[in-house]
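Work through the exercises below with the sequence and the model open. Each task is followed by a solution in steps.

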Amino acid sequence: MSYPPPKYHGENGEINATYRPVATAPEFTYANGNTVHYLATGASTGGQFGLYRWVMGPQPSGPDPHFHRSISESFFILSGSVRIYDGKRWIDTEPGDFVHVPEGGVHAFRNESGAPAEMLLHFAPGAPREAYFEGLPELRSMTDDERAAFMLEHDTFWLS
C-alpha cells in the first residue's frame, strides 16, 4: 500500500482548517432525546469520509443488524457502554474501544446499559448519511415501497 496521488499541488500550503467547539449544538435531535453532531460530512470532506458524534440517552436505542454495500463504518466509544454487533456476537464496549466494519460487514449497535453513552461514527467514503439520520423518524409514516426505496437510496440492507 502506498500514499494516494497528491490532491494539493501548491508550494506553501493553505489556511483551510475547520474548528468546531465542543459546545456546538447538535444538528439533529430525535424524539427520544438522542442527538447527532455532524462533525465532518461527506460534502465537507470532498467525499473522503463522514464523522458524526452520536449521543444516546439511557433508554435502549439503536439499529438492528444490517450492512452497507458501498461504505465502511467505524465506531469509537467516547463514554458509557454501547453494545456493538460484529456479525458474530454482541460486544459490550467501553470508552476507548474501536470497532471497524468493512463494506458488506454485518453490524448493529445498541445502548442497553441504562446509562447515557456517546460514540463517534465514521463512514468511508463520505456518503450523505445526514439525510438517512434525518429520515429515520419518518419511517413509520412511509409505505413499504417508500421505506424500501429509502433504505436502497441510503445503502442500508437489513437482515431478515
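**Exercise 1.** In this predicted model, find how strand β6 is joined to β7 and state the direction of the pair.

Solution. Strand β6 covers residues 83–85. Three bridges connect β6 with β7, and the two strands run antiparallel. Within this pair, R83 lies opposite D92 of β7.

**Exercise 2.** Give the strand order of the six-stranded sheet, then identify its edges.

Solution. The order in this open sheet is β1-β2-β3-β10-β5-β8, with antiparallel pairing. At the edges stand β1 (28–29) and β8 (98–101), each with a single partner strand, so one side of each is left without a neighbour in the sheet. Strand β5 (residues 72–79) is joined to β8 by four bridges, and these strands run antiparallel.

**Exercise 3.** Is F76 buried, partly exposed or exposed, and which surface patch does F76 belong to?

Solution. F76 is located in strand β5 and stands opposite F98 in β8. Its relative accessible area is 31%. Buried means under 20% and exposed over 50%, so F76 counts as partly exposed. Together with L78 and F98, F76 forms a nonpolar surface patch with about 270 Å² of accessible area in total.

Technical notes: Residues are numbered from 1 along each chain as its sequence is written. This is a predicted model: local features need pLDDT of at least 70, side-chain atom pairs count only at pLDDT 80 or more; totals for chains, interfaces and linings use all residues. Side-chain values use heavy atoms; hydrogens and water are left out. Two strands pair if DSSP finds at least two bridges between them. Patches are made of residues with over 30% relative accessible area and no salt bridge: like charges are joined within 9 Å, nonpolar side chains (Val, Leu, Ile, Met, Phe, Trp, Tyr) within 5 Å. Accessible areas come from the Shrake-Rupley method with a 1.4 Å probe; for residues, only the protein chains shown count as cover. A salt bridge is a side-chain nitrogen of Lys or Arg within 4 Å of a carboxyl oxygen of Asp or Glu. Buried means under 20% relative accessible area, exposed over 50%, partly exposed in between (1.4 Å probe, protein chains only).
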